[in-house]
Protein chains: 2
Amino acid sequence: MQEIKTINGTILQRTVEAEELEAHIGETIKIHGYIYKIRRMSDFAFVLLRTKRNVVQCVYSEEFSMFSPEMLKEESCVVMTAEVVREARSKTGYELRMRTVEILSEPKETVPVVINQKKIDTSIENLLDYRPITLRNEKERAIFRIQEGICRGVREFLTNENFTEIHSPKIVAAGAEGGANIFRLDYFGKEAYLAQSPQFYKQMMVGVFERVFEIAPVFRAEKHDTSRNLNEYTSVDFEMGFIESFEEIMRMETAMLRHALYFLKENCGMELELLKVKLPVIEAIPVIRFREAKELIAKEYGREIRDFEDFEPEEEKLLCGLIFEKTGSEFVFVTHYPSKKRPFYAMESRENPEETLSFDLLFRGMEITTGGQRIHDYEEQVLKMKRRGMTVELFESYLMMHRYGMPPHGGLGLGLERFTARLLELENVRRATLFPRDIHRVTP
Amino acid sequence: MQEIKTINGTILQRTVEAEELEAHIGETIKIHGYIYKIRRMSDFAFVLLRTKRNVVQCVYSEEFSMFSPEMLKEESCVVMTAEVVREARSKTGYELRMRTVEILSEPKETVPVVINQKKIDTSIENLLDYRPITLRNEKERAIFRIQEGICRGVREFLTNENFTEIHSPKIVAAGAEGGANIFRLDYFGKEAYLAQSPQFYKQMMVGVFERVFEIAPVFRAEKHDTSRNLNEYTSVDFEMGFIESFEEIMRMETAMLRHALYFLKENCGMELELLKVKLPVIEAIPVIRFREAKELIAKEYGREIRDFEDFEPEEEKLLCGLIFEKTGSEFVFVTHYPSKKRPFYAMESRENPEETLSFDLLFRGMEITTGGQRIHDYEEQVLKMKRRGMTVELFESYLMMHRYGMPPHGGLGLGLERFTARLLELENVRRATLFPRDIHRVTP
């Protein structure tokens, strides 16, 4: 056997990152990226280079550029050598004088939607149909850097609070949330489903790690085609044991969101500025009971209560408006939702079994979280299922944890895309989803 | 409107964490957890308390315990007050003398499988059938703390290398990997599929962020019922642009795995010790071409080559054995897999189009990663699809990125459960999966 080659894992940095340019002022460096925009003047051209996270101002001029300007096309991939020079009129305080350019690839055609203006001026349908391209827009992609920042902040917080991250299955034998909005699957000739939430599994794992979380896709076969619904979304779920009241879950969420916002401020300043995001301040979040909230809205706006068991979307907006007016908070916890509207695992209030020890968190006019305490006692859970006419035998593997001992526990699910959308004040939750899925859309 | 209550996000720590006990020697503290094991002696009892991540030795004695020993049941959830005392015979150097105990919940029955011995002595079927309970075993759960550690290490590494974490859809209109092993779904009356990998999406996102990664479920409708296959698993995927050769991807993976192992050593020492894990050392990873590897195995073991396009599982084992013998490495990269066996997006070698610029990473006898360079040129991709008899129109949204410009790029997918299983030398990949899915199993 001849000598064996090896890979040693050394990562060569052949080019400079945009973030490091300032340290190279006065030097000639190598940098790579996508030609984002070319603005040709009479004897020179402004060229914007899109890198991993930045857009860098470059200048082409016959004076110092040693190539033909016709070589440059928007959306070409290039490696260039350039001199970093101070330039007061540039946002960053410097610009790149292009010396040489190597073209790595060229687009076959010019893009069908203009993506290199401040804002993409097109319909939401076009924005989504051409998603692989429209996401290249500086502002569109910044949305997802912020979304990543939220996840990183949440992970950092939960890890510090001794939560363990888990991976639960998405193909399941029974839905956790009930109702008809579940996707059916042919699983080797048998029927299976796509998980509506990791509910059952995160509860089981409370028996193992006491505190767990998961950030993963969930699937809802809802036929609503609205600006607030997705059929597949990313759910930030946590579940915690040994709680003394369901308010502990709300306290944990409050601290978690506060940390996530702090994390964004520390790590996504550029994107927040680009999108002109007004981060909300979380001090203390107001809490109101569902019934009181309904009555308050009815009274303040002279509205008739039509649905005694849930909010209409319009009511969520009105409530948030009212709370903001009275307290200055953009968040509000609504608690004690009616038992009828909550799943079979929701724990009922000891004082009033018509109400559950549950909550939603509303933010800027929309529900972004549902949570609450769960039933941990076996008999109590079985009784509630029977009262609801459920076939207890179908849930045998779920009930195993109750049967063999569970602590008082509860948790929540936060819709990542909804939270991102409200944070960035995007009118449609699809804009906060890389590749949204709705009743009409499974592509791109 | 009356005064509004608020939640301020203060997290009260009412009890001590097991990790902090050493600082409390000589004090009486409050701690909570699950009664894991009771060993009753004539006039006292050893009680093991299972906390989030530890098992703590406690002692019951009429001398200092102010409750009846009959109150204690295995798998009960309790809050106790106890004195932390030095005890040389305890592994930790201290033990807890139980003073008072409050029972928060009790199991309805004793567990059907003994879970509080060093090892659960039962079949893999029982282990999985009673998963919510068997995971409570100290060693079983340690597997998943290590798995979490791998993910944390990988995330830390990739984030430092300027990768952006993404969330791509799992409901898709076309499979990325081809073949028949795809799950079909009724999507509002139309047929859709479960993503076999995030391949298309991570490539699209290279056009946006240059470097991206995702840790998420993927779905394969493989009918193989083996100890190495799962129908749903967690794929650690990354994809990077502006590469000069596919070896850069291997270098990145080498550095990533090295960092993950370092992270484990720093953060999961207790679990590694509990499971007696021998972490591999990654210095330089040997690289061998697929064809040479096949010939080497044939020669060294006098085996006839039956399949010229892929390895048989036995050959992966033999190759790993050979490489370990010759180089001391437990990892080996196999490169240049035959084009016929690689997907349509694999870039072919310029010297020999029968071979692709691709690789697998084998570890301790098993393939854990598949990766390679992808075609970035539109014409080249379309031509290859046509040669394969594919209907190009069906892939319009995938080809959009090629049409409008892509850099040379490539990436890989690492099977999280397989890597965990090989790292911990678990004979069945199911043991490294919280709730495995196979052809016979969708519960628990």
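A: The area buried between chain B and chain A is about 11,100 Å², and carbon and sulfur atoms give 63% of it; buried area is the accessible area (1.4 Å probe) that two parts lose on being put together, summed over both. In chain B, the residues that lose the most area to chain A are I7(B), F188(B) and Y404(B), together 8% of what that side buries. This is a predicted model, in which local features need pLDDT of at least 70 and side-chain atom pairs count only at pLDDT 80 or more, while totals for chains, interfaces and linings use all residues. Residues are numbered from 1 along each chain as its sequence is written, chains are lettered from A and ligands numbered from 1 in the order in which they are written, and side-chain values use heavy atoms, with hydrogens and water left out.

Contact, meaning heavy atoms within 4.5 Å, links 130 residues of chain B with 130 residues of chain A.

Across this interface the rule finds 14 salt bridges, each a side-chain nitrogen of Lys or Arg within 4 Å of a carboxyl oxygen of Asp or Glu. One salt bridge is formed by the side chains of R403(A) and E109(B), at 2.8 Å from N to O. Helix α3 (residues 138-160) of chain B supplies nine residues, the largest share of the side of chain B that touches chain A; helices (H or I, at least four residues) and strands (E, at least two) are DSSP runs, numbered from the N terminus.
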